[in-house]
Amino acid sequence: MGAEMKLIQVAGYSNSGKTTLIEKLVARLKDQRKKVSVIKHHGHKNRLFALDTGKDSARFREAGAAGTTVVAGNKLQVHFENEANWSLADALKFQQFFNTDIVIIEGFKKEPFPKVVIVRREEDLQLLDRLENIHVILFWEKIILPLELNVPHFYINDFDLFFDWLMNNILEEKNE
């Protein structure tokens with residue numbers, strides 16, 4: 001049986017460095033031949049713009065199709081609307097179908113998956129009390145670290161140290 005899909009959440013306030021961190025993670029994991037996918041929580045309901053405006057697939061949805069799928073060589077573009085809001089669980093089902101090795105989740109702070117929390121400013125420290133399942137914290141250089149930290153923590157510029165820890169402690173392959 002294939003390896004289990006690994007999940008990691010990246011949480012932090014706006015402009016904390018989430019996107020930059022995820023870009024670095026994706027690139028490094030791809031270098032290690034991992035099939036990586038990212039699920040991003042878009043906090044603005046119904047403000048997600050389709051990339052196919054004016055194309056046939058958009059016209060099909062405008063005519064009433066619940067969804068469209070466009071196949072072009074090794075690319076697949078899917079657009080589906082649902083009567084209820086899509087959940088993270090729904091999005092994860094898609095990732096399993098595509099045999100993804102690692103899914104990086106940006107946002108969805110209240111979900112229970114292992115979290116990397118980025119703290120950029122002192123006032124961001126409140127996240128540490130509000131979030132569950134924090135596995136590692138990334139601090140910006142100018143933050144004074146609380147003495148009672150019970151989880152591993154790295155400075156955001158120590159990416160290599162953080163990445164090695166992440167691979168060995170969360171994204172490791174376990175042969176059972």
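Visitor: Which residues of helix 3 are buried?
Guide: The model is predicted: local features need pLDDT of at least 70, side-chain atom pairs count only at pLDDT 80 or more, and totals for chains, interfaces and linings use all residues. Residues are numbered from 1 along each chain as its sequence is written, and side-chain values use heavy atoms, with hydrogens and water left out. Helices (H or I, at least four residues) and strands (E, at least two) are DSSP runs numbered from the N terminus, and buried means under 20% relative accessible area, exposed over 50%, partly exposed in between (1.4 Å probe, protein chains only). In helix 3, residues 88-97, the buried ones are L88, D90, L92 and Q95.

Visitor: What covers the buried residues of helix 3?
Guide: Contact here means heavy atoms within 4.5 Å. The cover includes strand 1, strand 2 (36-40) and strand 5.

Visitor: Which residue caps the N-terminal end of helix 3?
Guide: A side-chain oxygen lies 3.3 Å from the backbone nitrogen of A89. Such a polar contact is a pair of N or O atoms within 3.5 Å; within protein, one must be able to donate a hydrogen and the other to accept it, and residues adjacent in sequence count only if both atoms are side-chain atoms. The residue that caps this end is S87.

Visitor: Is Q9 buried or exposed?
Guide: Q9 lies in strand 1. Its side chain makes a polar contact with the side chain of K115 at 3.1 Å, and reaches the backbone nitrogen of F113 at 3.1 Å. Because its relative accessibility is 0%, Q9 counts as buried.

Visitor: Is K109 buried or partly exposed?
Guide: K109 sits in the loop between strand 5 and strand 6. Not counting residues up to four places away in sequence, K109 touches Q9, A11, G12, K115, L127 and L131. With a relative accessible area of 31%, K109 is partly exposed.

Visitor: How far apart in space are K109 and R130?
Guide: In sequence, K109 and R130 are 21 residues apart. From C-alpha to C-alpha, the distance between K109 and R130 is 9.2 Å.

Visitor: Which residues touch the most other members of the largest nonpolar core?
Guide: A nonpolar core is a set of buried Ala, Val, Leu, Ile, Met, Phe, Trp, Tyr and Cys residues joined through side-chain atoms within 4.5 Å. In soluble globular proteins, nonpolar side chains tend to be buried together. The largest core has 22 residues, and those that touch the most other members are L21, L25, I104, V116, F162 and L166.

Visitor: Which helix gives the largest share of this core?
Guide: At least two residues each come from strand 1 (6-11), helix 1 (18-31), strand 5 (102-106), strand 6 (115-119), strand 7 (134-139) and helix 5 (159-169). The largest share is six residues, and it comes from helix 5.

Visitor: At what angle do the axes of helix 1 and helix 5 cross?
Guide: Axes are lines fitted to C-alpha atoms, for helices over the stretch in contact, and angles run from 0 to 180 degrees between N-to-C directions. The two axes come within 12 Å. They cross at roughly 65°.

Visitor: Which residues of helix 5 make the contact with helix 1?
Guide: From helix 1, the contact is made by L21, K24, L25, R28 and L29. From helix 5, the residues are F159, D160, F162, F163, L166 and M167.
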